[in-house]
Amino acid sequence: MTQRVALATVMDRLSIDAVITGYAAAVDDGAWEDYGALFTADGRADYRGAGGSEGPAAGAARWLAETLRPFPVRQHLIVNRRIDLQDLGGYPGDHAQVRADYLNPMGPEAGATTTAPAFLSGGRYAFGLLRTEPGWLIRTVEAHEKWRCVPGRPTAG
């Protein structure tokens with residue numbers, strides 16, 4: 001691998017990491033226009049593995065906005081990111097896969113009077129990304145919830 005290819009690979013990894021971080025921030029902030037801008041035109045989101053919907057990114061944004069409305073405080077942490085860049089004989093290609101774990105505490109604002117409880121969930125994302133003219137974008141995202149905890153309520157087990 002030449003120094004130029006190595007630098008391009010590092011830049012790709014940093015750019016992909018920024019997209020994944022942008023995804024978490026958009027969901028937490030309810031910035032649905034920003035969320036949509038992170039996807040390719042044909043981008044899809046599959047939240048069925050976390051009890052949600054599947055479909056085009058715009059539909060997923062509407063579903064998330066409605067589902068997350070009772071939880072204005074969200075801190076969506078995406079960690080343990082494993083980025084696999086397409087390898088074209090020693091050169092990076094235009095596709096990438098990212099597997100990353102998530103921890104998602106959510107709840108009402110401090111002092112709010114609401115019936116929505118705070119809860120925590122954790123799982124794993126699988127992202128498929130594509131290099132486009134403006135940069136890396138999400139083509140697919142799948143959420144696979146592994147656990148959920150509602151403090152003060154018994155858990156099934």
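Colleague: What is meant by the largest nonpolar core here, and which residues have the most contacts inside it?

Modeller: A nonpolar core is a set of buried Ala, Val, Leu, Ile, Met, Phe, Trp, Tyr and Cys residues joined through side-chain atoms within 4.5 Å. The largest one has 35 residues, and Tyr23, Tyr35, Tyr47, Phe127 and Leu129 have the most contacts inside it. At least two core residues come from each of helix H1 (3–29), strand S1 (39–49), helix H3 (57–68), strand S4 (77–87), strand S5 (92–107), strand S6 (119–132) and strand S7 (135–149). H1 gives the largest share, 7 residues. The model is a predicted one, in which local features need pLDDT of at least 70 and side-chain atom pairs count only at pLDDT 80 or more, while totals for chains, interfaces and linings use all residues. Residues are numbered from 1 along each chain as its sequence is written, and side-chain values use heavy atoms, with hydrogens and water left out.

Colleague: Why do nonpolar side chains tend to be found together in this way?

Modeller: As a general matter, nonpolar side chains in soluble globular proteins tend to be buried together.

Colleague: Which residues is Tyr47 in contact with, leaving aside its neighbours within four places in sequence?

Modeller: Contact means heavy atoms within 4.5 Å. By that rule Tyr47 is in contact with Tyr23, Tyr35, Gly52, Ser53, Ala60, Trp63, Leu64, Tyr125, Val141 and Ala143.

Colleague: What makes H1 a helix, and what span is expected of it?

Modeller: Helices (H or I, at least four residues) and strands (E, at least two) are DSSP runs, numbered from the N terminus. H1 has 27 residues. The expected span is 1.5 Å times one less than the number of residues; for H1 that is 39 Å, and the helix reaches 39 Å from its first C-alpha to its last. Gly30 follows H1, with a positive phi near 65°.

Colleague: Which residues of H1 are buried?

Modeller: Buried means under 20% relative accessible area, exposed over 50%, and partly exposed in between (1.4 Å probe, protein chains only). In H1 the buried residues include Val5, Asp12, Ile16, Tyr23 and Val27. Asp12 is also linked with Asp94 and Arg131 in a network of salt bridges.

Colleague: What makes a pair a salt bridge, and how many does the structure hold?

Modeller: A salt bridge is a side-chain nitrogen of Lys or Arg within 4 Å of a carboxyl oxygen of Asp or Glu. The structure holds 10 of them. In one of these, the closest N and O atoms of Arg44 and Glu54 are 2.9 Å apart. Arg44 is in strand S1 and Glu54 in strand S2 (residues 54–56), 10 residues apart.

Colleague: What does the pair of Arg124 and Asp101 tie together?

Modeller: Arg124 forms a salt bridge with Asp101, the closest N and O atoms being 2.7 Å apart. Arg124 lies in strand S6 and Asp101 in strand S5, so the pair ties together parts that are 23 residues apart in sequence. Arg124 is partly exposed, at 29% relative accessibility, whereas Asp101 is buried, at 16%.

Colleague: Which residues make the nonpolar surface patch, and what puts residues in a patch?

Modeller: Patches are made of residues with over 30% relative accessible area and no salt bridge; like charges are joined within 9 Å, and nonpolar side chains (Val, Leu, Ile, Met, Phe, Trp, Tyr) within 5 Å. Accessible areas come from the Shrake-Rupley method with a 1.4 Å probe, and for residues only the protein chains shown count as cover. Leu77, Val79, Leu103, Leu120 and Trp147 make a patch of about 380 Å². Leu103, in strand S5, is partly exposed at 34% relative accessibility.

Colleague: Where is Pro72 found?

Modeller: Pro72 is in the loop between H3 and strand S3 (73–74). Its relative accessibility is 42%, so Pro72 counts as partly exposed. Pro72 and Asp29 are 43 residues apart in sequence and 8.4 Å apart in space, C-alpha to C-alpha.
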